[in-house]
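Work through the following exercises with the coordinates open, and check each step of the solutions against the model.

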Amino acid sequence: MSDLRLYNTYTRTVEEFHPLHDKNVGLYVCGPTVYGPPHLGHVRGPVVFDVLRRYMEFQGLKVRHVRNITDVGHLVGDGDEGEDKLSKQARLEQVEPMEIAQAYTLAYNDMCRMMNTLPPSIEPRASGHILEQIGMIEAIINAGLAYEANGSVYFDVLTYAKTHDYGKLSGRVLEDLIAGAGNEARELEGQGEKRNPNDFALWKKAAPEHIMQWNSPWGTGYPGWHIECSAMSRKYLGDIFDIHGGGMDLLFPHHESEIAQSTACTGHNPARFWIHHNMITINGQKMAKSLNNGIRVDELFAGNHPLLEQAYSPMTLRFFILQAHYRGTLDFSNEALQASDKGLQRLLNAAAQVKKLPVSDIGEYAVSDIWNNCVQSMNEDLNTPQVIAQLFEAARVCNQAADEKLKLDRENVELLGRLFDTWLLGILGIKAEEKGHESALDGVMQLLLTMRAEAKTNKNYALSDEIRNKLTALGFTIKDGKDGSSWSL
RNA sequence: GGUCGGAUGGCCGAGCGGCUAGGCACAGGUCUGCAAAACCUUUUACACCGGUUCGAAUCCGGUUCCGACCUCCA
């Protein structure tokens with residue numbers, strides 16, 4: 001099996017991936033800040049990194065997958081000093097901050113389960129790792145790269161930049177940041193305690209009325225946003241681990257700061273590979289509160305949003321996401337979703353049919369070619385769209401064989417079956433949608449189909465058509481074959 | 001304003017120097033009492049202007065649009 005190559009944002013090149021420790025892979029992915037219900041934009045990351053993980057496991061690697069829950073420290077950036085997102089939401093909903101965190105953590109995990117992503121090996125939360133964060137902040141202070149000011153602690157970016165390349169990951173030049181537009185305005189907002197506007201908070205002093213606060217060597221307060229990931233990834237994956245992932249929006253300042261923090265503390269960039277997925281747009285526009293085009297996942301699954309013409313299933317969404325390469329933006333529209341829905345159905349039908357294929361003595365097609373192409377495509381920076389194209393080729397082969405227009409020998413029929421199991425279900429993580437009360441429903445349907453068959457035998461086509469049309473109107477698909485009729489939803 | 005990344009046929013989306021993915025939609029055909037499904041066939045491309053090259057959607061330059069990020073802000 002050839003080697004996996006991945007695009008590394010840090011070096012801006014595609015590099016061969018080899019685990020640091022034998023067959024064990026450490027994968028850290030930035031999880032959500034749990035202050036609101038999951039929306040469409042939250043889905044892509046879990047799906048993309050789930051496929052990466054599944055593929056690595058398919059190749060015999062063992063993956064320790066860590067995904068954090070940010071339940072403290074992420075501030076709302078609107079003027080003043082900024083307020084913690086969870087605290088703000090708690091105030092709005094008049095509940096404890098941890099109730100907010102709990103409710104939306106559950107909602108996020110529900111979403112992940114519906115999307116059929118494998119649960120992370122470890123799911124640490126920021127509020128449960130205050131000690132580790134304080135420890136790391138102390139180490140950074142001892143290294144001379146952070147300073148205390150009025151009960152808060154800030155990372156000293158300018159000093160750090162004298163010996164390190166601050167900005168390499170996000171492609172930013174410090175001088176530009178200093179001279180960047182908007183700094184004048186921001187400086188007016190009372191950032192006096194920072195030595196430099198580019199310094200970022202490691203620890204924030206909490207006002208007495210602040211509802212989330214912990215004791216620290218610098219008084220009561222709460223950790224900054226970036227330090228949690230540095231502390232938790234280090235605790236569970238070590239000073240250096242294989243892959244750190246997240247959305248492209250986290251490139252700066254979040255991941256840039258993580259690198260600075262870890263380097264200040266351990267002397268190393270914590271991750272060998274930095275992998276970032278792109279964003280989802282809607283009808284060509286980005287999702288934004290101001291555009292009022294944000295769609296929550298529950299709205300998508302229920303179909304009750306003004307922009308939605310119908311409900312879409314979690315697997316349709318998963319398939320839709322994987323039909324695009326993870327580093328490109330993905331445009332969401334009803335037309336595109338409907339296309340994915342039908343395409344996926346086609347693959348699933350073929351996959352279900354493969355077990356009933358006639359076996360011939362002659363093999364007119366080598367399924368192994370398809371398999372090898374799948375491997376090649378995945379190895380080239382997870383090119384799932386190409387894998388899917390290969391699966392459609394497999395579906396065509398399958399359908400042709402079913403129609404006896406193409407002969408497959410036993411070996412190839414079996415390989416075709418394994419192809420769908422391994423690639424569609426295993427690596428792409430598509431599961432056939434479960435339908436409730438399947439057997440009872442099937443009984444009713446068989447009854448109706450028998451009645452319709454009788455009507456047809458009696459040449460009562462008016463009745464047989466009526467049965468079919470009304471079933472069609474209810475969403476059923478009736479297929480008339482040589483050996484009788486079958487149905488699907 | 002700064003820094004990156006994009007512009008591919010009706011829609012979504014691969015490809016990144018010659019062999020022009022794939023899905024959906026459309027059209028024709030096979031099958032069928034009629035449909036559906038399936039299969040076969042087929043039409044629409046590479047934002048614009050220059051250049052490099054025997055040859056460019058793919059490389060270079062310019063133009064126009066679009067997006068992300070630019071500090072405590074998914």
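**Exercise 1.** Determine which residues of α4 are exposed and which are buried, and how the buried ones are arranged around the helix axis.

*Solution.* In this predicted model, exposed means over 50% relative accessible area and buried means under 20%. By these cut-offs L131 and N142 of α4 are exposed, whereas I130, Q133, I134, M136, I137 and I140 are buried. Viewed down the axis of α4, the buried residues fall within an arc of 165°, so they line one face of the helix, and L131 and N142 lie on the other side. The general rule is that an α-helix has 3.6 residues a turn, so residues three or four places apart point the same way. The cover over the buried residues of α4 includes the strands β7, β8, β9 and β10, together with α8 and α9.

**Exercise 2.** Describe how α4 packs against α8, and classify the residues that make the contact.

*Solution.* Begin with the axes of α4 (residues 130–142) and α8 (residues 225–237), which are 9 Å apart and meet at an angle of about 105°. Because angles of 65 to 115 degrees count as roughly perpendicular, α4 is roughly perpendicular to α8. Next, list the residues in contact: α4 contributes E132, Q133, M136, I137 and I140, while α8 contributes I227, E228, S230, A231, R234 and K235. Finally, sorting this contact by class gives five nonpolar, two polar and four charged residues.

Definitions and conventions
Residues numbered from 1 in each chain as written. Chains lettered and ligands numbered in written order. Predicted model: local features only at pLDDT ≥ 70, side-chain atom pairs only at ≥ 80, totals over all residues. Heavy atoms only, no water. Axes fitted to C-alpha atoms, helices over the stretch in contact; angles between N-to-C directions. Helix = DSSP H or I, 4+ residues; strand = E, 2+ residues; numbered from the N terminus. Parallel < 35°, antiparallel > 145°, perpendicular 65-115°, else oblique. Contact = heavy atoms within 4.5 Å. Nonpolar A, V, L, I, M, F, W, Y, C, P; charged D, E, K, R; others polar. Buried < 20%, exposed > 50% of the residue type's maximum accessible area, 1.4 Å probe, protein only. Arc of directions from axis to C-beta.
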